[in-house]
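Subject: Structure handover

Hi,

Here is the structure for you to look through. Please open it alongside these notes.

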Amino acid sequence: MASTAAGKQRIPKVAKVKNKAPAEVQITAEQLLREAKERELELLPPPPKQKITDEEELNDYKLRKRKGFEDNIRKNRTVISNWIKYAQWEESLKEIQRARSIYERALDVDHRNITLWLKYAEMEMKSRQVNHARNIWDRAITILPRVNQFWYKYTYMEEMLGNVAGCRQVFERWMEWEPDEQAWHSYINFELRYKEVDKARTIYERFVIVHPEVKNWIKYARFEEKHGYIAHSRKVYERAVEFFGEEHVDENLFVAFAKFEETQKEFERVRVMYKYALDRIPKHQAQELFKNYTMFEKKFGDRRGIEDVIVSKRRFQYEEEVKANPHNYDAWFDYLRLVESDADPDTVREVYERAIANIPPIQEKRHWRRYIYLWINYALYEELEVKDPERTRQVYQACLDLIPHKKFTFAKIWLLYSQFEIRQKNLQGARKVMGTAIGKCPKNKLLKGYIELELQLREFDRCRKLYEKYLEFSPENCTTWIKFAELETILGDIDRARAIFELAIGQPRLDMPEVLWKSYIDFEIEQEEFGNTRNLYKRLLQRTQHVKVWISYAKFELSIDSPDRLQKCRQIYEEANKSMRSCEEKEERLMLLESWREFEREFGSDSTRERVRKLLPEKVKKRRKLTAEDGVRTGCQTVNWFLTENLINRSLINNNSASFPLIIISVPGSLSRTQAGRSTTTTSSQRTPPTNPTSSCWPWPRCGRSSSSRQQTTTTTGRWFQKKVQRLRRHRCALRNL
């Protein structure tokens with residue numbers, strides 16, 4: 001920092017950044033890291049290898065290394081990694097006493113560091129200093145008894161040494177701290193490795209008291225069962241049920257108890273147990289219990305028992321729901337799903353007949369949408385589950401007789417019926433069904449389905465007739481015309497496809513004419529009939545002057561491989577520009593000019609590019625004050641103007657024949673249409689006549705004038721503007737006469 005004569009310190013000025021814009025080329029952190037990796041900026045050459053030849057040189061080397069380690073420890077005493085590296089280096093030199101001293105010094109610094117204790121004990125074990133290792137483990141578990149890793153290592157060492165009694169003593173010391181479940185399991189597995197089942201049982205007794213959870217009681221019972229103590233296992237289950245009581249009853253305990261009794265062939269006990277549990281556990285918490293009960297009854301119960309015990313409760317619930325609201329079709333679906341899974345076909349049919357008898361009271365399609373799926377499920381059940389095709393056919397016919405086809409219909413039913421007949425190899429019956437459907441209630445989905453059916457059967461003559469019927473029913477559907485033409489194209493009848501397209505574009509009303517014309521043009525391009533394609537574009541342009549049609553036409557000419565393609569493309573752009581001068585949508589003309597500019601940028605010369613550039617519009621924004629009728633200022637108004645064809649307009653100004661054509665694009669604000677028109681006229685009339693007719697900008701009135709001078713200027717400029725418009729009209733009439 002700089003200092004003044006008085007001795008005060010002065011803060012230097014911070015340089016100001018003039019350009020705060022982001023750089024054009026941004027460099028990410030990933031690129032910096034990659035460049036550093038490629039250039040290997042951070043890689044240091046390995047130190048030279050040092051060969052030690054005599055004892056004196058070895059002592060010097062040890063002295064230097066120890067001095068370095070001691071310096072590191074002195075600088076960063078609390079960094080345990082420095083201590084560990086120092087001790088490991090001493091260990092590598094077989095200096096166990098020095099390493100032990102270093103570890104002890106490190107423990108004085110941080111005796112709660114787990115890694116330090118582990119490294120210390122592992123060093124003693126590697127050097128086969130068993131008593132030292134025991135001493136270290138004892139100190140570790142005394143200081144940090146909640147670190148399970150110390151206990152695991154200690155017990156593992158004692159067991160590897162064959163000191164079973166010492167290992168058991170360590171486990172007992174560990175269990176006094178009531179560790180987590182895995183520690184108890186380790187103790188139990190240790191006893192089982194030495195066939196001490198009674199001791200393992202004693203440990204389990206203590207375990208379920210310390211951790212009284214259902215899964216631990218189940219593990220205890222399975223332990224007894226695994227070792228053949230069936231009575232003990234049953235007693236453990238019974239004790240668990242008494243221990244948890246009715247308030248904290250759990251379904252997993254009863255499921256495990258029931259499976260145990262099932263393996264012992266005690267089926268009556270299992271049934272009583274399931275009933276006891278279902279009566280005391282809430283239904284939403286006993287899903288797994290009910291599932292296992294169902295499986296048990298299926299394996300060991302009779303049919304009557306299954307219906308009475310398993311299905312009765314749920315059936316009762318569904319019966320209550322459908323009695324309360326017979327038109328609740330979702331409840332019927334759930335009821336039928338339950339009955340289909342367990343009952344015989346006659347019972348299922350009875351429930352289906354009851355369900356379909358609840359006809360919607362109002363003949364509106366939205367009320368029938370769910371109801372109709374009862375019939376569909378009924379027919380599919382008869383066909384797939386019962387395998388009764390005759391009854392399935394009767395279900396379909398009854399459903400079709402019930403639907404009021406004069407008001408609405410369901411194409412899904414007709415299509416499913418016809419597909420069923422095809423699966424039964426009754427092709428004539430399927431065609432009869434679809435013919436009846438089209439005759440009674442023609443729909444797009446029905447006609448499409450029938451056409452797809454005949455296409456799969458390769459009956460192309462029938463497809464043609466169906467397409468004709470379809471087009472008679474819906475002549476405005478462009479998709480149908482296109483599909484019909486595509487079919488004829490696939491069959492190789494190009495003239496017929498072209499005739500179909502001609503009929504289609506001649507329709508007085510179409511839903512998507514642009515898609516139809518595009519398909520026709522693509523068809524001619526695929527056939528490489530470029531003359532027909534040009535005629536199509538010309539005919540389309542007679543109907544619409546949309547900018548996308550012009551651009552597509554120009555791109556088509558550009559895509560043709562001919563010597564004069566650039567000239568034709570440029571000519572199309574010029575014709576489009578002339579025809580769109582009178583278009584109200586100025587944005588479309590701007591799109592055309594931008595497309596033309598891109599074309600000239602790629603294929604044109606400097607002169608053509610300059611010509612197109614001069615045709616591009618310039619956008620100008622003007623702001624003016626809004627004043628109400630009483631003279632109070634109400635806000636500001638933004639008017640966007642386009643100055644189009646500047647070169648032509650400037651020549652007109654030079655000839656005093658016209659002024660700049662100003663075209664309003666948007667006027668934001670909460671003005672009505674008449675107020676907007678009035679404000680636009682006022683904006684034009686408030687201009688002062690230009691003092692220099694060759695100037696390239698329109699002069700606006702200056703701010704700060706008095707109200708009287710502003711009013712006088714408005715009147716004068718209004719008259720001047722009317723004279724200017726009259727002169728322009730006379731000039732245009734003279735040009736037309738010429």
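First, the ground rules. This is a predicted model, in which local features need pLDDT of at least 70 and side-chain atom pairs count only at pLDDT 80 or more, while totals for chains, interfaces and linings use all residues. Residues are numbered from 1 along each chain as its sequence is written, and side-chain values use heavy atoms, with hydrogens and water left out.

Salt bridges

Side chains of opposite charge can pair when their charged atoms come close. The rule used here asks for a side-chain nitrogen of Lys or Arg within 4 Å of a carboxyl oxygen of Asp or Glu. The count is 36 salt bridges.

Start with arginine 74. Its partner is aspartate 71, with the closest N and O atoms 2.6 Å apart. Both residues sit in helix 2 (residues 55-75), three residues apart, so about one helical turn separates them. Helices here are DSSP runs (H or I, at least four residues), and strands are too (E, at least two); both are numbered from the N terminus. Arginine 74 is exposed, at 60% relative accessible area. The cut-offs are under 20% for buried, over 50% for exposed, and partly exposed in between (1.4 Å probe, protein chains only).

Next, arginine 201 and glutamate 224. Their side chains form a salt bridge at 2.7 Å, N to O. This pair links distant parts of the chain, 23 residues apart: arginine 201 is in helix 10 (residues 197-210) and glutamate 224 in helix 11 (residues 214-226). Arginine 201 and glutamate 224 are both buried.

Then glutamate 382 and arginine 349. The N to O distance in this salt bridge is 2.8 Å. Glutamate 382 lies in helix 20 (residues 372-385) and arginine 349 in helix 18 (residues 345-356), 33 residues apart. Glutamate 382 is buried at 0% relative accessibility. Arginine 349 is buried too, at 16%. Both belong to a network of salt bridges that also links Asp346, Asp388 and Arg391.

After helix 11 comes glycine 228, with a positive phi near 85 degrees.

Helix 15 (residues 287-300) has 14 residues. From first C-alpha to last, helix 15 reaches 20 Å, close to the 20 Å expected. Among its buried residues are Phe290, Tyr293, Phe296 and Glu297.

Surface patch

Val25, Ile27 and Leu32 make a nonpolar surface patch of about 330 Å². Patch residues have over 30% relative accessible area and no salt bridge; nonpolar side chains (Val, Leu, Ile, Met, Phe, Trp, Tyr) are joined within 5 Å, like charges within 9 Å. Areas come from the Shrake-Rupley method with a 1.4 Å probe, and for residues only the protein chains shown count as cover. Valine 25 sits in the loop between strand 2 (9-10) and helix 1 (29-39). Valine 25 is exposed, at 66%.

Cysteines

How many disulfides are there? The count is zero, with a disulfide taken as a pair of cysteine sulfur atoms within 2.5 Å. Cysteine 167 is buried at 0% relative accessible area. Cysteine 399 is buried at 2%.

Best wishes

Technical notes. The expected span of a helix is 1.5 Å times one less than its number of residues.
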